[in-house]
Structure formats: structure tokens, C-alpha cells
Amino acid sequence: MANHHAYDVVIIGAGAAGLTAALNLAERFKVAVLLKGEGATGWAQGGIAAVLEPGDSFEAHIEDTMVAGAGLNDRETVEFVVESAPAAINRLAELGVPFNIDDDGEGWHLTREGGHSARRIVHVNDATGWAIQQALEKAAAANPNINVLADRVAIDLVTGRHGQRYSGDGHVWGVYALNKASGKVETFTARATILATGGAGRVYLFSTAPRGATGDGIAMAWRAGCRVSNMEFMQFHPTCLYNLEVKNFLITEAVRGEGGRLIHPETGHRFMPDYDERAELAPRDVVARAIDSEIKRDGLDYVHLDISHMPAEFVKGHFPNIYEKLLGLGIDMTAEPIPVVPAQHYTCGGIVVDRDGRTDLPGLYAAGECTQSGLHGANRLASNSLLECLVFGEAAANHIAAEWEALPAPPSIRPWDESRVTDSDEEVVIQQNWTEIRRFMWNYVGIVRTTKRLERAAHRINLLTNEVEDYYGHFRVTADLVELRNLLQSADLIVRSALKRKESRGLHYTLDYPKTLAKAVDTVLAP
């Protein structure tokens, strides 16, 4: 059984959630961390929200999170995460994350972002995620109990159905994963499995997410029998750089937090005060819809984000990476505006989990962007996402450790069966379907929706599902085929969730139901 690997715990995903879980578990257990490619943590520019200065309070951070979430958050979960934040940041500092220090040298420098009532974002210049990812990777590499396995593409969860002796109990025993180097499918078994696979942003044509954000964990959990919730709530970042050569370059919220203004490129009019009294500091969904409205009304390609009225040294000091990147593209942000458009940025819904990171299936946990924990509700507050990864990665690890004696050892599992498939001769089919999904999701299931558009998307998803399942059944798996299958499943869950919600709330805005209902209710889909 050369392709079978047994561990105590298997973690799928090596970002903030996965590596936090691994580091907490490795004190006692042998842990495998499967890594497909580059994750989203390293791309996070902004920072982590936490109550760290006098005058701020847990209550204020909780209230800001609830307001952004449009009443759909689970208050106890919000309290749990917010109150865990200062300790999570201290642990990162102990791992060597060099958070910016305040000018007086006394504490960390805190910035403010849209939706926050106080300065509470700790950051490392404008590249916080990268610094966190580096520190976590270094700590994991130094730990003999953690084995990080790169270029592994998870295909499906191993459940009782895959046992030598069939069981329909739904227990998860690990994962089947494609080794990209060898082309072989490997079986990883464990007493506990953690999904930390990130979001489904690549369902959309324009997204700030890394290429691998194809909803893998959400789709695998759904196929195995987990409920999925609130997938209609896709956050669109208001300000992604508009540049035909450079895709996915984000201009952080903090540029608006530090005085950046949104300007109509043809008239020079500052338009955000027309939409919301908080102007540029309104929550992301409000700002994204405002930009979308200006672009659609006047047939624009982009709007301008302008911080050139602030002192040049101030701008360079606060945003060194963005300044350098833009300068390389011929834009001097200290002297001229930045062309920006909204782009998909964060998946607020996902696999239903409790405060211990447990899913509906025994032996399966999940943490981070692939989950719906109750923290974000109908819209994520800026800089609460890295925080969720840290808190739930640790919570899942703690629960596994506490319950270890009660977790049964895996039964004998059948190896992956390739006896009835051949190598594909039609790779173009994958590329065509991938492009088609991303385009119709952008056009029909974007920032502003209608029932007719959603039904059109649903019709196309049904056609493509038959095609992709037929293809999957006949040909040997490749990384692209696995991602296409998951992308399509994620698109289906988003559209079905959106059609179920007969109101506009938070990130879900539909012209057919523009009002918000009195009672906030989660959308929950069961397999």
C-alpha cells in the first residue's frame, strides 16, 4: 500500500487556519498538512481586528461585527471570537510576526478600516498576511510532528462508504488526494480530519482570491453529507486595481481608512457621500454597490480612488508595497488617482460548524473561509477573517485533543479505484467550462441580482453538471478536473442559496426583493 499514509490528524489546507490547527495539535499528535498551492492568507494586506487600546471595548467590536453582518451573525460566536482576539495576536507575536509598532514605541500601531468604530487593526505594513504565513510556515517546518506535503490536490473525503467493510454512518476517516508529481491518487487516513481549504472566489471572473480558491472543501464536505449555509453571501471588495495586465491586485480598505476618496473619473465628483453618510468608511457591500452603480449608470470601466491629497511621505510610509507595485505599473499614488473596480473577495458562507469547529459528520472539522461559523452573518467586517482562521484553527485542535480517546481508529479503507478510466484526450473541455462558469456567475450572480438572472445561471449549471460528471466518470483525475468539479458544485450552492432568499440583506442584493425582512434567518442547504 505505497499510496496509503496513516496519521493521527490530516489537515487539508496550509493557510492561517490549517497551520494554526497543526501547531496546536503537534504537541501530542502526528499531523499531515496537505497543500495544493498558494493560499489566501499570504495575500491578505489589511490586518487582524482586535480590541487592544484603551477606550475601545469588546462590546464595540461585537456591535460593529453584528451591524456589518446585518443581524444574521450568531452573537455567542461573535463574542467568542472577539474575546479570543488579543490572545491570538499575542501568540503570533511570539512566533515572530513583526507587527508595526506605534510612533511612541509603547504598543502596536493600530489602523482603522470600514465598518469599525475604532482603530483596532494590527498590521505589518500593508502585507500582514504574508508576514503571518511566513511565521506559521517556519514554525511548522521546525516541528518534527508536522509533515507538510505540497502539490496534493484533495479529491474527496474518505468516509465509511470507502471502507473494506461498507458503512453508511458518515464517519470521515481522511481524504483521497492526487499527488501532482507522480499523478497517482494517495489515501490519507486519520482519526480526525480538518478542512481549512479557503473560499470559492474563483467561481467569479474577477476575484482577488488565489487561483486555487475553487471551493474544494465546501464541495467535498457537501458530497460527503455536510450541510452548507449562507453561500449567497459573497463579498465583493470595492477596490481591486483596474489593469488589463495585472489581475487580482487589491487596494486595501486601509487606503480609504487613511483618507482615500472615491471619485467619478469623468466628472471628478466624490460620490460616496451620495450613497451613505459614512462615505468611504461605509461597509464593503455599500461601497461595492455604489461603485457598481456608478460604473453601470455611466458605462465606465472603473472609478478613481484618490489619496494624493495626503502628504507623499505619509502615503509611502503607510502603503509601501502598494506604492511600489503601482509605481512599477506607471501609477504614482502620491500624485494621481488609482483606477479601481469591485472584485469577488471573500466567501461568507460555507460548511456549517459549531464553536469547536465540528461539522455534521463525525471525525470531520473545518475552520476559516470554507466555513459558516456564525461570525460573519450577511457580510464580513474588515479584518475579522484572519482572526476567524486563528481562533477556529485553535478551537478545532483543542476539541480533537480533548476528545482524542473517544475518536475511533480508522477501519481498513479501499484504495482509489482507477480500473475503469482512461487518460483524457479533451483537456479543452475543462478550460471551456471553467471560463463559462466564471463569466455567467459574474454576469448573473454578481453584486446586484434578479430572480431571472439567477434562474439563467441555474439552468447553465444543470447542463454543465451532466457534462462534467460524465467526463469525471470516464477519465483519470487531473488537478484541473478536480477543481472544475468543485467550482461547479460551489456555483450550484451559491445560486440555490440565492434563490432561496426572498429579501435583500447584507451582501445579497436582489432587485426583485429589495426590502429586508424583519426576521434574520440563515439559508441552510442539506444534501
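**Figure 1. Surroundings of Ile494 in the predicted model.** Apart from neighbours within four places in sequence, Ile494 is in contact with Val203, Tyr204, Met231, Glu232, Met234, Met441 and Val445. The model shown here and in the following views is predicted. Ile494 belongs to helix α14, which covers residues 479-500. Its relative accessibility is 0%, and Ile494 therefore counts as buried, the limit being under 20%.

**Figure 2. Packing of helix α3 against helix α11.** Helix α3 spans residues 75-94 and helix α11 spans residues 385-402; the two pack at an angle of about 90 degrees, and their axes are 8 Å apart. The helices α3 and α11 are therefore roughly perpendicular to each other. On the side of α3, the contact is made by Thr77, Phe80, Val81, Ser84, Ala85, Ala88, Arg91 and Leu92. Helix α11 contributes Leu387, Leu390, Val391, Phe392, Glu394 and Ala395. Sorted by class, the residues of this contact are 10 nonpolar, two polar and two charged.

**Figure 3. The aromatic pair of Phe29 and Trp404.** The structure holds 11 aromatic pairs. In one of them, the rings of Phe29 and Trp404 are tilted, with 4.3 Å from centre to centre and 35 degrees between the planes. Phe29 is located in the loop between α1 (16-25) and β3 (31-35), and Trp404 in the loop between α11 and α12 (427-444), so the pair ties together parts that are 375 residues apart in sequence. Phe29 has a relative accessibility of 4% and therefore counts as buried. Trp404 is also buried, its relative accessible area being 8%.

**Figure 4. The aromatic pair of Tyr471 and Phe475.** The rings of Tyr471 and Phe475 form a tilted aromatic pair, in which the centres are 4.7 Å apart and the planes make an angle of 55 degrees. Both residues, Tyr471 and Phe475, are buried.

**Figure 5. An aromatic cluster that includes Tyr204.** One aromatic cluster is formed by Tyr204, Phe206, Phe236 and Trp442. Tyr204 is also among the residues in contact with Ile494.

**Figure 6. Arginine side chains over tyrosine rings.** The charged end of Arg380 sits over the ring of Tyr346, at 4.4 Å from the ring centre. In a further case, the ring of Tyr472 has the charged end of Arg485 over it, 3.9 Å from its centre.

Notes
Residues numbered from 1 in each chain as written. Predicted model: local features only at pLDDT ≥ 70, side-chain atom pairs only at ≥ 80, totals over all residues. Heavy atoms only, no water. Axes fitted to C-alpha atoms, helices over the stretch in contact; angles between N-to-C directions. Helix = DSSP H or I, 4+ residues; strand = E, 2+ residues; numbered from the N terminus. Parallel < 35°, antiparallel > 145°, perpendicular 65-115°, else oblique. Contact = heavy atoms within 4.5 Å. Nonpolar A, V, L, I, M, F, W, Y, C, P; charged D, E, K, R; others polar. Buried < 20%, exposed > 50% of the residue type's maximum accessible area, 1.4 Å probe, protein only. Phe/Tyr/Trp six-rings, centres within 6.5 Å; stacked < 30°, edge-to-face > 60°. Lys NZ or Arg CZ within 6 Å of the ring centre and 35° of its normal.
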